[in-house]
Amino acid sequence: MSQENPNSRPQGQGRPQGRPAGTGSPRISRVDASVAGPVKFFFASALLWLLVSSVLAVITAVKLHLPGFLNGCEFFTFGRLDAIQRNVFFYGWASNALIGLNLWLLASLGRFEFRNAWIATLGGLIWNLALTVGLAFVLLDSQNPFELLELPRGVAPAFFVAFLLAALWPAVAFARRPTSHVFVSQWYILGASFVLPVVYLLAQLMVLWCPTNGVLQALVHGWFLQNFLYLWLGASALAAVYYFLPKELGTTLTGYYLSTVGFWTLFLFVGWIGPATLLGSPLPLWIQSTGIVAAVLLLIPLTITSINFFGTLSRDSGWSRAWNNTTLRFVAFGLVAYTLATLLQVVFAARSLNALVRFTAFTAGQQQLLTYAFVSMVIFGAAYFILPRLTGAFWPSAKLVHLHFWSCALAVVGSVAGSLVFGWTQGAALAAAKPFADTAHPQAALLGSACAVLFLIGHLAFAVNAFGMLTSCSSSTDEGRQA
Amino acid sequence: MNNLNLILAGVFFTVAAPFGGLLLGGYAQLGALGRAPAEEGGPLFPALEPGLAIQGRQVYLQLGCVACHTQQVRPAGQGSDIAQGWGARPSVARDYVLQPQVALGNRRVGPDLANYGARAKSDAEIAAHLSAPAAGSAMPAYAFLFSPAKDGSLQPNERGVALIAYLKSLRQDYSSPEAKLKQ
């Protein structure tokens, strides 16, 4: 089987999976070939941004315990680099990767052959150009004081158009699907691709173009941020989980019939949880209380996804099979993180607990649990499955795959646990009326730096492997087509 | 769930409902909020900012100070902000009605600044903190906001002066109809 493929290698014991469909055939399926261009473009861009983000994360982490580090030039101020790192991570890495992943999933699930896929690539080009220009403005000029809306408002129309070009496909693919059956993943992708542009546009209008009065800006921003985190990043990653888990385990989902309820309740409640992250702020109490109620209601979709995913993993030694499958190892890790992140969201919506940890590293840990330990790990898992199918090649090095998993897993566990523990203890010390200056933990910043370096190592391992494959494959793709 | 229009309509509703309920509801309550006197006939608060402070706000935003500093004092019972001495009273929505961009912030690596102007003793003290933060502080020195004077000492340059004026203008130490100062 592997003799046909010049790039394939023998399957050794414990070799990471993710080989192309057709067990080693260099041919790439027609559906995959139709979408390969844009998906490879989005993944390659995402990877480059991920490396930039990791380097910046190391610098900002070091700056937290050595404030004088790289402090000679005003463009390296912590406040600027922190904002740039965040935007690179969310708009550069996560969004690029998820647009690509969503495109591939739609094509695969719907057996949908893309025509004019260059439109998606054009959208990707505009997206990345707009991001680069926006980041240059933050570095050299100014920024807005709202997380993920820091970029100057002028880039928003470009982002919006780019997203429409790259992600209008869900609706097209859905409307033209050859089969009448619709998969859960398709609902999630459709929902995520609809919510992001609408919410982004409204937030831009109400916060930056025609700013609303005073603290209403913070309310709109909180609403936008939770929609972005849960309904764009989260829902897109859930779509991938709904695809890969049953596919790779070769089984059906436990309680599949519940997934409709899980989908609708997630979308119904997330829009309201923004104010639960603004407790104690100068917003009216009824708004804050609404947020708390909505956050607690997230238990409903969480229960359903837990039944779907953990029920499936608990059957037929699913956990151990997942552990031995590269894609599922990342996905299962992400699922545990998603469950923990949502549980923390529910529990720490309680006023007394929220008051204790708000403004400390705790909330940063919560966000990292959702956006890295869940979303990014699922993206990694998906990449291990998809890229071989798009390139007809194997992952060049199994060792690098292991290095990638272990360094990222250790880094994110260390970083999240550190944030939660140090955030909690700082909150408790503040509540006991200790002076603020005495409550910071120098160990927290050291741990953060160590984890940032570990992240960088993992991401480098992934990037070397992925770029090795993407560059070796373009020739093999052509050979495959000519054959 | 095979109907595209039905799913899109449903998702549209899930976005529209909180938009209407939270954002438009909040807008109905606070959209027209303006300055007000604490007592009838008294001066209007929050006070208008001096022009230099408005320029200083731009420096504050440029440098991303919001990454480490919040500007909101929570009520007693929800955090220890008042016990920490960060405010004389909780922040209320009216305190922010003059701000073109509200930098409430979300993370406190450094202390809250909502009422910093009331506790900073002098321009010189703020300048000293910006040019050479105390040992152990996570804040870097902002050398580019200072230039050497003729006598060799470091003096804040134009941007530095503006930033100091802005920091001094951050005050929530007046009574407002929603939050009276306790005497």
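Chain A is built from 16 helices and zero strands, where helices (H or I, at least four residues) and strands (E, at least two) are DSSP runs numbered from the N terminus. This is a predicted model, in which local features need pLDDT of at least 70 and side-chain atom pairs count only at pLDDT 80 or more, while totals for chains, interfaces and linings use all residues. Residues are numbered from 1 along each chain as its sequence is written, and chains are lettered from A and ligands numbered from 1 in the order in which they are written.

**Overall form of chain A**

- The C-alpha trace of chain A spans about 70 × 50 × 45 Å along its principal axes.
- The radius of gyration of chain A is 22 Å, which agrees with the value near 23 Å that a compact globule of 483 residues would have; this radius is taken over C-alpha atoms, and the globule rule is 2.2 Å times the number of residues to the power 0.38.
- Of the 483 residues of chain A, 60% count as buried, a residue being buried if 20 or more other C-beta atoms, placed from the backbone, lie within 10 Å of its own, exposed if 12 or fewer do, and partly exposed in between.
- Among the contacts in chain A with a separation of 6 or more, 83% come from residues 24 or more positions apart, two residues being in contact if their C-beta atoms, placed from the backbone, lie within 7 Å.

**The nonpolar core**

- The largest nonpolar core holds 210 residues, of which A:Tyr188, A:Leu219, A:Ala240, A:Val241, A:Phe374 and A:Val378 touch the most other members; such a core is a set of buried Ala, Val, Leu, Ile, Met, Phe, Trp, Tyr and Cys residues joined through C-beta atoms within 7 Å.
- Helix α7 (residues 216–249) of chain A gives the largest share of this core, with 23 residues.
- Apart from its neighbours within four places in sequence, A:Phe374 is in contact with A:Ala237, A:Gly334, A:Ala337, A:Tyr338, A:Ala341 and A:Leu369.

**Backbone features in loops**

- Most residues other than glycine have a negative phi, and most peptide bonds are trans.
- A:Asn116, in the loop between α2 (78–110) and α3 (118–140) of chain A, has a positive phi near 55°, and this residue counts as exposed because it has 11 C-beta neighbours inside 10 Å.
- A:Ala433, in the loop between α15 (398–431) and α16 (442–482) of chain A, has a positive phi near 65°, and it counts as exposed because it has 9 C-beta neighbours inside 10 Å.
- In chain B, the peptide bond from B:Phe45 to B:Pro46 is cis, with omega near -5°, and B:Pro46 lies in the loop between β2 (44–45) and α2 (51–62).

**Where the chains meet**

- In the contact between the two chains, 58 residues of chain B touch 65 residues of chain A.
- On the side of chain B that touches chain A, α1 (4–30) and α2 of chain B each supply at least two residues, and the largest share, 16 residues, comes from α1(B).
- The residues on that side of chain B divide into 35 nonpolar, 19 polar and four charged, where Ala, Val, Leu, Ile, Met, Phe, Trp, Tyr, Cys and Pro count as nonpolar, Asp, Glu, Lys and Arg as charged, and the others, Gly among them, as polar.
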